[in-house]
Amino acid sequence: MKTTGIDLLVVGAGPAGLGAAIEGARHGLQVLLVDENDRAGGQLFKQIHKFFGSAEHYAGTRGFRIGEMLLEEARNLGVRVWLNTMAWGIFGDREVSLVRGNRVHTVQAKTVVLATGATENALSFPGSTLPGVMTAGAAQTMVNIHRVLPGKKVVMVGAGNVGLIVAYQLIQAGAEIRAVAEAADRVGGYAVHEGKIRRAGVPVYTGHTVLEARGRQEVSSVVLAPLTGDGCPDPDRAFEVEADTVCLAVGLSPRTGLARTAGCQLDYLPALGGHVPLHDRNMQTVPGVYVAGDLAGVEEASTALEEGRLAGLACALQLGTVEPEPARLALAETERRLQQLRSGCFGEMRRACKEELTGKGCTVYGRQ
């Protein structure tokens with residue numbers, strides 16, 4: 001089955017995809033939003049904590065409430081949403097192949113925004129395949145979406161924002177966090193999240209990693225070890241922690257599969273999660289195809305939303321449904337909000353990487 005008459009096809013209904021769909025529809029585009037999951041909103045519905053920053057970035061509002069507001073806004077603007085729909089390839093002139101139910105659909109779109117997000121990284125160690133070893137995102141889904149506690153005694157591996165936030169949410173749900181282990185020599189997450197963990201009495205071991213998970217049929221304990229100067233674990237100083245669950249919060253990698261089929265050129269930037277599609281300042285990669293959110297470099301949900309808005313507005317400008325001068329002013333305002341999110345000690349590195357990425361994108365694709 002082939003669907004035509006679509007001005008903007010957005011793949012991925014997380015914050016970036018919702019932002020793109022809303023801006024596109026607000027500026028007169030016929031928008032179709034597709035997602036492989038059974039509900040829209042992406043990671044927002046896992047986030048029960050309050051966002052912080054400025055009012056324009058929903059400071060003081062819990063993540064799942066932001067998701068509800070964005071979904072309502074999209075519906076009110078007439079955005080069509082196809083859930084349980086997987087996009088598996090982009091062929092020809094922005095023809096996107098989808099699987100919906102038991103049928104294959106081809107959508108011919110004038111513009112496409114890819115907001116496919118990122119996948120969680122894993123670690124390999126003895127016992128890593130035991131029941132009870134999971135990613136932090138899996139544990140967060142179990143607790144905040146399905147209301148199921150994954151374990152009672154948890155070791156969290158990774159002290160970035162994801163590890164700290166999920167650890168605290170597990171405490172709120174009734175679990176005991178036995179330890180947080182971080183390979184770096186300092187905690188990588190925000191101080192506000194670290195403070196909650198430390199006030200709860202959780203021991204945080206920087207410069208440590210997981211050496212082994214022990215147990216016969218499931219996790220019963222975890223062996224942690226400090227790292228030597230060359231980054232290798234020191235087994236002579238290893239110690240055992242009683243636990244039934246190991247959560248891995250060891251980073252994210254952009255999901256680039258669909259971008260590759262579209263012909264996007266990638267660059268490797270570790271600070272942004274790995275291989276990232278080159279794009280210009282308006283998020284465009286190959287002509288008519290845009291990227292946003294974690295696919296365009298792993299950052300925060302607020303940044304993903306703003307990048308999505310930027311891409312959706314750029315699509316409207318490309319298709320001529322918005323006047324050039326108001327569009328340029330709106331793009332500049334969105335860019336200002338993005339730079340505000342990338343300020344401070346945590347954001348400066350990402351800001352520099354994004355500037356490098358967009359600079360290369362403008363050079364490769366011949367646009368400013």
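1. In this predicted model, P15, A16, G19, A20, I22, E23, G24 and R26 of helix α1 meet A301, A304, L305, G308, R309, G312 and L313 of helix α7, where contact means heavy atoms within 4.5 Å. By class, this contact has eight nonpolar, four polar and three charged residues; Ala, Val, Leu, Ile, Met, Phe, Trp, Tyr, Cys and Pro count as nonpolar, Asp, Glu, Lys and Arg as charged, and the others, Gly among them, as polar.

2. Helix α1 covers residues 15–26 and helix α7 residues 301–319, and the two pack at an angle of about 30° with their axes 7 Å apart. Axes are lines fitted to C-alpha atoms, for helices over the stretch in contact, and angles run from 0 to 180 degrees between N-to-C directions. The helices α1 and α7 are therefore roughly parallel to each other, a label given to angles under 35 degrees, while those over 145 count as roughly antiparallel, 65 to 115 as roughly perpendicular and the rest as oblique. Helices (H or I, at least four residues) and strands (E, at least two) are DSSP runs, numbered from the N terminus.

3. Strand β10 (residues 176–182) pairs with β11 in the parallel sense over three bridges, and E182 stands opposite T206 in β11.

4. Another open sheet has three strands in the order β12-β13-β14, and here the pairing is antiparallel. The edge strands are β12 (208–214) and β14 (239–242), each pairing on one side only, and neighbouring strands of this sheet are turned by 30° against each other on average, direction ignored. Between β12 and strand β13 (residues 221–226) there are six bridges in the antiparallel sense, and L224 in β13 is the bridge partner of V210.

5. V289 lies in strand β19 (residues 289–291) and is buried, with a relative accessible area of 2%; buried means under 20% relative accessible area, exposed over 50%, and partly exposed in between (1.4 Å probe, protein chains only). Leaving aside neighbours within four places in sequence, V289 is in contact with R94, V112, L114, M283 and Q284. By way of contrast, the C-alpha atoms of V289 and I48, which are 241 residues apart along the chain, are separated by 33 Å.

6. R94, in the loop between β4 (85–91) and β5 (95–100), has a positive phi of about 55° although it is not a glycine, and R94 is buried with a relative accessible area of 18%. M283, in the loop between β18 (274–277) and β19, has a positive phi near 80° and is likewise a residue other than glycine; at 3% relative accessibility, M283 counts as buried.

7. A note on conventions: residues are numbered from 1 along each chain as its sequence is written, and side-chain values use heavy atoms, with hydrogens and water left out. Local features need pLDDT of at least 70, and side-chain atom pairs count only at pLDDT 80 or more, whereas totals for chains, interfaces and linings use all residues.

Methods:
Two strands pair if DSSP finds at least two bridges between them.
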